[in-house]
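Please look over the sequence and the fold below.

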Amino acid sequence: MLVNLHVKNFAIIDEVDVDFGRHLNILTGETGAGKSILVGSISIALGARVSPEMIGKNGDYAMVEAVFQIENEDTIRQIRQMDLELDDGQLVISRKITENRSINKINGESVSAGMIRKVAALCLDIHGQHEHQSLLSKERHLEIVDEYGGEKSSSLKSQVSELYQDYIKKKKEIEQDTMSSEERARQLGFLEYEKEEIESAALQQEEMSQIEDRYRRAANAGTIVEALGEAHQLSVENAVPAVSRGIRRLQDITGLDSSVAGFAEELLQIEGLLGDFNRGISEFMADFSFDEGELTEIERRLDCIRSLQAKYGDSYEDIMAHLQEVNSKLDKYADYEAYCERRQKEFEQLESKLTAKCRELTEYRSKNIKYLEEKISRALEDLNFAHVDFEIKITPKETVSANGGDEVEFLIATNPGEPRRGLAKVASGGELSRIMLAIKSVFADSDQIETLIFDEIDAGISGRTAQKVSEKMSLLGNRHQIICITHLAQIAAMADSHFVIEKDVDKEKSTTRIRPLAREEAEEELARLLGGAQITDAVRANAHEMKTMADSLKQYLDK
């Protein structure tokens, strides 16, 4: 669960540090106090994109840090599979946002924002103010059904997606490779020309690596011979006589100073090296030959190789790979009818596999839909849908896709005698919000995510309906940590921990702060929610009674 949130210099928040409790945490406050900014800071801590404009005025960076206490063993296992270790069961996610970049860390180790998003998805789920609008999309209905199907549904979808990609690829190949006999004849002629051109060149791998050196040597033979001759002449006429004279002079004085003998020995070695050099260069020049015809032949061969490289690839391996591809196409076109039949048969087999796997996925979805439909219907009744008639309708699509061959739609009738219709035609904003809460409550039974955040999902509801929503929130809080931002006193009264978000307005700036409320302060906040601008003793008495009744109801719900 989320045990601590620390926010510094983010938007109008100078610095906020809040410790959340277990079960149901309620956040209330005046409109514009910064409740959405606080939820936004949590989203950013969990890897959401952030604009540098959100950096406050008290420094050149913003800091958001979220501390989780992880208790679910499966969640711990998944985190460790990402090569991350907990510190006494705690996971600390921090993000420092500067003008140019963000610095992301988990337990002090630098990570990517993508890694933070993956880890955060295991720990916390945020239901925003407008998420219920996604229920108007049939694609979202399909996602919910598949999510309920668990690992098997995910596995079947992966298999369908893989087969579908192969199916589309094969279909495109067939469409692109269909040609007339005239076009096929042109292709055959072109391929045979390429095959003849490459094979007649009789390329050798070593030749391709050496041809440039051979050409350079032959093209510059005159320069090479001239330079070698000059070096040999200088050595014989100048270097050798000079060294010989030096040796004789040193030998003349060796008897006078024994230490001079070492210099004489070094010059003797140099004389030997010069002798080796002169013999070697003489032998090289004797064997060096130059033929204009050889240069012409090398130039012709080099032009041939360069031409092949320009057409088929720079290296010997590239050219041979192209030749192999040409031979493969020639084999294909040599018996084109048989090739087309074989390819069509492979396509039909793949299509059959895809159809069978889609059918298996449809059957699994249909089986799960019955159970999910019943659970959502019961949850809707708990949320004051007195005459709810809910159905999950699955119908085949005209064509399959990577998600299978099904279309799923949620249908509902909220009044007796009315036909079931799509949510977009029936449900108001408040009803969509309750339907989403019902779905969340169904999944909460098996959901391993420990913390759920609800950001003002109470839009458009009041009275008895608000009371039912508060009871559902309290029940969810028995199995999860719930953080809920609300404007309704009925929901706030059920809080196990109540926080108020306040905005202080100074002459030059506004700052947001959050603080926990004691029992008396919580009742005063309830009175504000009930009474608005004028809080009378009667309103305070009503708030006290509401809090007392909520305490009694929570004890009943906990049983």
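This is a predicted model: local features need pLDDT of at least 70, side-chain atom pairs count only at pLDDT 80 or more; totals for chains, interfaces and linings use all residues.

Strand β13 covers residues 481-485. It is mostly covered, with five of its five residues buried. Gln481, Ile483 and Ile485 point one way from β13. Ile482 and Cys484 point the other way. Residues of both groups are buried.

Strands of a sheet pair through backbone hydrogen bonds, in a parallel or an antiparallel sense. Strand β3, residues 24-28, runs parallel to β13 and is joined to it by four bridges. Here Asn25 stands opposite Ile483. Strand β12, residues 451-455, also pairs with β13 in the parallel sense, over five bridges. In that pairing Phe454 faces Cys484 of β13.

## Ser497 in strand β14

Where does Ser497 lie? It belongs to strand β14, which spans residues 497-505. The relative accessible area of Ser497 is 18%. Buried means under 20%, so Ser497 counts as buried.

Which residues does Ser497 touch, leaving aside those up to four places away in sequence? They are Gly21, Leu24, Asn25 and Ile26.

## The β9-β10-β11 sheet

Three strands form an open sheet in the order β9-β10-β11. The pairing is antiparallel. Its edge strands are β9 (389-401) and β11 (421-422), each of which pairs on one side only.

Strand β10 takes in residues 404-413. Nine bridges join β9 to β10, and the two run antiparallel. Within this pairing, Thr395 has Glu407 in β10 as its bridge partner. A helix packs on the sheet as well: α4, residues 138-148, touches β9 and β10. The direction of α4 makes about 100° with that of β10.

## Helices α8 and α9

Two packed helices are described by the angle between their axes and the distance between the axes. For α8 (residues 221-254) and α9 (residues 261-287), the axes come within 9 Å. They cross at roughly 160°. Angles over 145 degrees count as roughly antiparallel, so α8 and α9 are roughly antiparallel to each other. The crossing of α8 past α9 is left-handed. By class, the contact of α8 with α9 has 20 nonpolar residues, eight polar and one charged.

Gly262 sits in helix α9. Is Gly262 buried or partly exposed? It counts as partly exposed, at 37% relative accessibility. Gly262 and Leu250 are 12 residues apart along the chain. Their C-alpha atoms are separated by 9.6 Å.

## Gly56 in a loop

Gly56 is found in the loop between α1 (35-45) and β4 (62-69). What is its relative accessible area? The value is 10%, and Gly56 is buried.

Gly56 touches Asn9, Phe10 and Ala11, not counting residues up to four places away in sequence. Met82 is another reference point. Gly56 and Met82 are 26 residues apart in sequence. From C-alpha to C-alpha they are 33 Å apart in space.

Definitions and conventions. Residues are numbered from 1 along each chain as its sequence is written. Side-chain values use heavy atoms; hydrogens and water are left out. Buried means under 20% relative accessible area, exposed over 50%, partly exposed in between (1.4 Å probe, protein chains only). Contact means heavy atoms within 4.5 Å. Axes are lines fitted to C-alpha atoms, for helices over the stretch in contact, and angles run from 0 to 180 degrees between N-to-C directions. Angles under 35 degrees count as roughly parallel, over 145 as roughly antiparallel, 65 to 115 as roughly perpendicular and the rest as oblique. A crossing is left-handed if the near helix is turned anticlockwise from the far one by less than a right angle, and right-handed if clockwise. Ala, Val, Leu, Ile, Met, Phe, Trp, Tyr, Cys and Pro count as nonpolar, Asp, Glu, Lys and Arg as charged, and the others, Gly among them, as polar. Two strands pair if DSSP finds at least two bridges between them.
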